[in-house]
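Good morning, and thank you for making the time. Please have the sequence and the structure open as I speak.

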2 protein chains.
Amino acid sequence: MNVQVAVNGYGTIGKRVADAVTLQPDMELVGVAKTRPNHEAELAESKGYPLYAAIEDRIDLFEEAGIELAGTVDELVAAADVVVDACPSGIGAENKSLYEDHDTPALYQGGEDADLVDTSFNARGNFADAVGADHVRVVSCNTTGLSRLLAPLEAEYGVEKARVTLIRRGGDPAQSGRGPINDILPNPVHLPSHHGPDVNTIFPDLDIDTLGLKVPATLMHTHSVNVTLESTPDADAVAELLEGESRIFLIPEGSDIDGAGALKEFAMDRGRPRGDIWENCIWRESVSMEGSDLYLFQAIHQESDVVPENVDAIRAVTGAADAEESIARTNETVGVGF
Amino acid sequence: MNVQVAVNGYGTIGKRVADAVTLQPDMELVGVAKTRPNHEAELAESKGYPLYAAIEDRIDLFEEAGIELAGTVDELVAAADVVVDACPSGIGAENKSLYEDHDTPALYQGGEDADLVDTSFNARGNFADAVGADHVRVVSCNTTGLSRLLAPLEAEYGVEKARVTLIRRGGDPAQSGRGPINDILPNPVHLPSHHGPDVNTIFPDLDIDTLGLKVPATLMHTHSVNVTLESTPDADAVAELLEGESRIFLIPEGSDIDGAGALKEFAMDRGRPRGDIWENCIWRESVSMEGSDLYLFQAIHQESDVVPENVDAIRAVTGAADAEESIARTNETVGVGF
């Protein structure tokens, strides 16, 4: 029988994960839970996704808005084999007892603390750690992007030390209340930033220091990457290695893709849902070696790169497939790879 | 007799250098040259700076605009002991023969090629190299900022390797035609960027790799800095060293200065002309050591940090003072230091 999947939280990540789940031959979407009857609740209804109230005393609001409910989040979790918690940061932790009450394995997003769960998760980095686990955290968009990059580098060349500056988008396109406007903010100011330790939840022994800033852009994050390798391959060899990774897109030279705007245009032109870019986007021209120092730029689509990872994590916790099989199936069904 | 200084080009840099020259007890501003009778030409006139036409066949335009001219740029250069060329990138090179014809020492800005001149210049880095030189390039805002930071680190601890990501403002506040809007552009995409070799025009033996990006901000550049030192001081010692540099401002913790906007507010509140910030602005909280790796963030005001450097370069080429004396005099008269 197919895995019955519930999605609790139908916002930026939840709505994408729900769509991806419906594309899986070995999964069924039981339903999605939402706190408010807004335009996204209407979207779930129009897609035929059973909609559950995430907060019991708000059921009236949905009725008033004319949106039909299938029940409450408690009933949703009860009906599921796995729940994907895609609630805002911190709410996942509050929901944990609900999942425990039903003895239902749960996936959380990267905004939750690493110590909330049995293991953090990246499909390319540590799929096996999540097999059979009850509580798993799919790491953030940035950590996902770094893990996908560092896994093959570590395996092929060894990583002596990684130093990464994360030039972060200030907010998502629809987050109209966020900033900065016309500024460049060291954020966090304290160094090294928490992003490095977050990568260590996937690769505990990797030596990595990170620095973060926020800028007035909404489309994607950009990473300025330095990795001191334990050997000295040439840049072409590194590019070839990265080219072979299914969730890395090497932006060809001469493609006139100069930034996130062009990347999104590229993705939308190719019919990607919501213009999503599930892959790390690495500028081929930027890939360079100075001695044992690798340098490159990569762009990360904060709204969608964790979507295939959530699908894989469902298979990991249910033991439905191993890493290679799951990644291949997710990629094929979702459409990962340009 | 005081040094007679001409400023050719009265735009972003030129108008600031002209003002700074008038504050020097050992200099006199002969006049400024301008190509067009715009609002900045009117400013020069209102300040009583003799105005010269940079292009002979445009004299009529100034007359039509009712702006009085003192002559042409050729006459300006003839009357000067030193000329500061503050024309747009590339125009300085075209002007070189004019300065040679008059046998007048000339300073150029960082947009010109390093091989145009006898030496590139940063007061803290290599003042002595410019003493008596005929053609000197005052390095760019970013290279100036990096030179001021690296000089004391190299002298005190030794620099094994520097790696810097430059998150660059897309354009100055008045450059309404520039971008990006809502994007983060690797720029240049090719790595390492040309900024590292530019630092090598000041410190030929320093090992430095740089990466550059452009973002939708206009106020200041921001540098994400890593310097692997040859020793392992603690962060407090490094902060104390930097605190002792007259053209570095260590932003105190708890000052609520989170970015360039707050820095400019801080400068304007303190009566700085045009809100200029001549100093490197380093967040004290960001200064940190991981083993022998120093990390920090610094903001660089692209419109003004080279102004005191131009004043010092005038003294260097005329042999009017040594580095220490010149820097102290410039700082005091201009008002460097918060």
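Predicted model: local features only at pLDDT ≥ 70, side-chain atom pairs only at ≥ 80, totals over all residues.

Between domain 1 and domain 2 of chain A, 11 residue pairs are in polar contact, with both residues of each pair at pLDDT 80 or more.

Where do the bounds of the domains in chain A fall? Domain 1 takes in residues 3–139 + 306–334, and domain 2 takes in 142–300. Over C-alpha atoms, the centres of domain 1 and domain 2 of chain A are 26 Å apart. The contact draws on 24 residues of domain 1 and 17 residues of domain 2 of chain A.

How much area do domain 1 and domain 2 of chain A bury between them? The value is about 1,600 Å², with 47% of it on carbon and sulfur atoms. Of the area that domain 1 of chain A buries against domain 2 of chain A, Arg16(A), Arg124(A) and Val139(A) supply 32%, more than any other three residues.

Charge pairing is also present at this contact, with seven salt bridges counted between domain 1 and domain 2 of chain A. Arg247(A) forms a salt bridge with Asp312(A), and the closest N and O atoms of that pair are 2.8 Å apart. As a general point, side chains of opposite charge can pair when their charged atoms come close.

**Between chain A and chain B**

I turn now to the contact between the chains. It takes 43 residues from chain A and 43 residues from chain B. The area buried between chain A and chain B is about 3,500 Å², and carbon and sulfur atoms give 61% of that area.

How many salt bridges are counted between chain A and chain B? There are four salt bridges. Lys161(A) and Asp293(B) meet in a salt bridge through their side chains, at 3.6 Å from N to O. The interface of chain A and chain B also has 16 residue pairs in polar contact, both residues being at pLDDT 80 or more.

Which elements of chain A each supply at least two residues to the side that touches chain B? They are strand 9 (159–169), strand 10 (185–186), strand 11 (208–215), strand 12 (221–229), helix 10 (260–269), strand 15 (288–290) and strand 16 (293–300) of chain A. By class, this side of chain A has 22 nonpolar, 13 polar and eight charged residues.

**Annotated positions**

Next, the annotations. An unreviewed UniProt entry places the feature "binding site" at Ser140(A), Cys141(A), Asn142(A), His195(A) and Gly196(A). These positions are spread over 57 residues of sequence, yet they cluster in space, with a largest C-alpha distance of 13.2 Å. Cys141(A) lies in helix 7 (residues 141–156) of chain A.

The unreviewed UniProt entry also gives the annotation "domain: Glyceraldehyde 3-phosphate dehydrogenase NAD(P) binding" for residues 3–141 of chain A. That span, residues 3–141 of chain A, is 35% helix and 24% strand, and its end C-alpha atoms lie 25 Å apart.

**Further pairs and backbone details**

Over all chains, a search of the whole structure finds 42 salt bridges. One of them joins Asp19(A) and Lys47(A), whose closest N and O atoms are 3.4 Å apart. This pair links distant parts of the chain, 28 residues apart: Asp19(A) is in helix 1, and Lys47(A) is in the loop between helix 2 (39–46) and strand 3 (51–53) of chain A.

Finally, the backbone. Most residues other than glycine have a negative phi, and most peptide bonds are trans. A cis peptide bond joins Asn187(A) and Pro188(A), with omega about -5°. Pro188(A) sits in the loop between strand 10 and helix 8 (195–199) of chain A. In chain B, the peptide bond from Asn187(B) to Pro188(B) is cis, with omega near 0°. Pro188(B) is placed in the loop between strand 10 (185–186) and helix 8 (195–200) of chain B.

Asn182(A) belongs to the loop between strand 9 and strand 10 of chain A. Thank you for your attention.

Key
Residues numbered from 1 in each chain as written. Chains lettered and ligands numbered in written order. Heavy atoms only, no water. Domains from an automatic or database assignment. Contact = heavy atoms within 4.5 Å. Buried area = accessible area lost by both parts, 1.4 Å probe. Polar contact = N/O pair within 3.5 Å; in protein donor to acceptor, adjacent residues only side chain to side chain. Helix = DSSP H or I, 4+ residues; strand = E, 2+ residues; numbered from the N terminus. Nonpolar A, V, L, I, M, F, W, Y, C, P; charged D, E, K, R; others polar. UniProt positions renumbered as here; feature names shortened; annotations may be inferred.
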